[in-house]
Amino acid sequence: MIGNKPIKKHYISINKKFILSITFAFIWLIISIYFSLPWVHDLGVLTTPFIAVVIIAGIGYVPGLINSFIIMSLLLDRQPKFKTIDPEVPITIIIACYNEEETIANTLSYIKNQIYDGEIKVIVVDNASTDQTDQRSIEVGEELELNLQVIYAKEPGKFNALNEALKVVETDYVITLDDDTLLHKLAVKHVVSRILTAPADTCAVAGSVLVRNSRQNLLARLQEWEYFLGIASIKRMQGMYQGTLVAQGAFSLYTTDILK
């Protein structure tokens with residue numbers, strides 16, 4: 001449609017959701033303060049009233065305000081349906097690697113299994129590896145019949161590797177993928193459909209990333225919650241208000257021209 005009406009309705013909807021969410025958060029805060037007054041009094045006897053308020057605010061009021069705002073925002077969030085269910089847009093996937101000779105085959109196999117109608121180009125960046133990551137990538141690419149290119153980044157650092165690969169990207173969209181990220185078979189299809197559905201000025205889409213071996217040990221469990229809260233929840237809330245701060249490098253899609 002031409003004109004400002006769709007945009008106006010879009011922002012009014014966001015404003016209403018924000019007002020509802022922040023109102024709910026402050027109601028939660030007021031209720032929390034009311035029920036915590038006995039705790040403030042008892043703690044104030046042991047310390048001072050000011051210190052008591054600061055301590056309880058730090059462990060209760062502020063986290064409660066933030067979390068209640070996030071929860072209500074997520075409950076109100078409704079992602080628009082995909083305009084294009086089966087996109088055919090060519091895309092490029094960049095994988096920055098350092099000494100991944102033993103694991104790169106697994107990562108590439110998941111790319112091969114993508115259910116996607118468009119062309120998928122893969123660029124593996126050998127970031128000053130000391131093993132045979134480059135040769136192994138070429139071998140696996142040929143075995144899987146992938147459209148794969150290996151380039152070299154002599155300067156260590158993931159940002160150096162990604163920037164080197166970006167120079168040769170020719171598709172309108174590019175995906176960054178960590179060498180230990182295993183893609184769901186519909187991952188590329190969904191992330192491309194999302195950016196084609198989003199407003200025209202959208203330049204990045206952060207994919208959902210979860211920990212696969214989350215039951216392996218305590219550290220993996222902690223990382224699972226970090227990913228769930230930091231990516232699956234926080235980014236979704238930020239995206240609803242058009243304020244996503246970071247698209248994670250593990251799996252995100254970008255508009256190539258804007259990224260360059």
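The following legends describe close-up views of a predicted model.

Local features require pLDDT of at least 70 and side-chain atom pairs pLDDT 80 or more, whereas totals for chains, interfaces and linings use all residues. Residues are numbered from 1 along each chain as its sequence is written, and side-chain values use heavy atoms, without hydrogens and water.

**View A. Salt bridge between Lys158 and Asp178.** The closest N and O atoms are 2.5 Å apart; a salt bridge is a side-chain nitrogen of Lys or Arg within 4 Å of a carboxyl oxygen of Asp or Glu. Lys158 belongs to helix α5 (residues 158–166) and Asp178 to strand β4 (residues 173–178), so the pair ties together parts that are 20 residues apart in sequence. Helices (H or I, at least four residues) and strands (E, at least two) are DSSP runs, numbered from the N terminus.

**View B. Salt bridge between Glu139 and Arg136.** Their closest N and O atoms are 3.5 Å apart. Both residues lie in helix α4 (residues 133–144), separated by 3 residues, about one turn of the helix.

**View C. Salt bridge between Lys167 and Glu164.** The N to O distance is 3.5 Å. Lys167 is exposed, at 60% relative accessible area, while Glu164 is partly exposed, at 30%. Buried means under 20% relative accessible area, exposed over 50%, and partly exposed in between (1.4 Å probe, protein chains only).

**View D. Residues lining the second largest pocket.** Among them are Ile111, Lys112, Tyr116, Glu145 and Asn147. A pocket is an open set of points on a 1 Å grid over the protein atoms alone, where a 1.4 Å probe fits, with protein on both sides within 12 Å along at least five of seven lines; lining residues have an atom within 4 Å of a point.
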